[in-house]
Amino acid sequence: MRREIINEYQRLNSEDQKTFRRWLWANTVVGAILLAGLIALASKSPGDKSGSTAQNATIHTQAKLP
């Protein structure tokens, strides 16, 4: 399968190869950004509360009080 993909790539003209490399690079960059975001979310400990999170929790709690 891998060899077939390489052969198909080599059969492309130089402009199509350039377009494919650009597409592959763009996907790599987007994937790296998404991976960094997932790592950042996963590394945030459950006990951490930012000011806005605490403020939202307070607002929701106050809204439920009679």
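How many aromatic pairs does a search of the whole structure find? I ran this search on a predicted model, and it returned two aromatic pairs.

**Entry 1: a ring pair.** I looked up Tyr9 and Phe20, which form a tilted aromatic pair. Their centres are 5.7 Å apart, and the angle between the planes is 55 degrees. I noted that this pair links distant parts of the chain, since Tyr9 belongs to helix H1 (residues 2-11) and Phe20 to helix H2, 11 residues apart. I then recorded that ring pairs join Tyr9, Phe20 and Trp23 into a cluster.

Entry 2: The class lies between the cut-offs of 20% for buried and 50% for exposed.

**Entry 3: the surface around Phe20.** I located Phe20 in helix H2, which covers residues 14-43. On the surface, Phe20 forms a nonpolar patch with Leu12, Trp23 and Leu24. Together these residues have about 370 Å² of accessible area.

**Entry 4: the whole chain.** I counted three helices and zero strands in the protein chain. Read from the N terminus, the order of elements is α-α-α. Of the 66 residues, 2% are buried. The chain exposes about 6,200 Å², and carbon and sulfur atoms supply 63% of that area.

Terms used: Residues are numbered from 1 along each chain as its sequence is written. This is a predicted model: local features need pLDDT of at least 70, side-chain atom pairs count only at pLDDT 80 or more; totals for chains, interfaces and linings use all residues. Side-chain values use heavy atoms; hydrogens and water are left out. Helices (H or I, at least four residues) and strands (E, at least two) are DSSP runs, numbered from the N terminus. Buried means under 20% relative accessible area, exposed over 50%, partly exposed in between (1.4 Å probe, protein chains only). Accessible areas come from the Shrake-Rupley method with a 1.4 Å probe; for residues, only the protein chains shown count as cover. Patches are made of residues with over 30% relative accessible area and no salt bridge: like charges are joined within 9 Å, nonpolar side chains (Val, Leu, Ile, Met, Phe, Trp, Tyr) within 5 Å. A salt bridge is a side-chain nitrogen of Lys or Arg within 4 Å of a carboxyl oxygen of Asp or Glu. Rings of Phe, Tyr and Trp (its six-membered ring) pair if their centres lie within 6.5 Å; planes under 30 degrees apart count as stacked, over 60 as edge-to-face and the rest as tilted.
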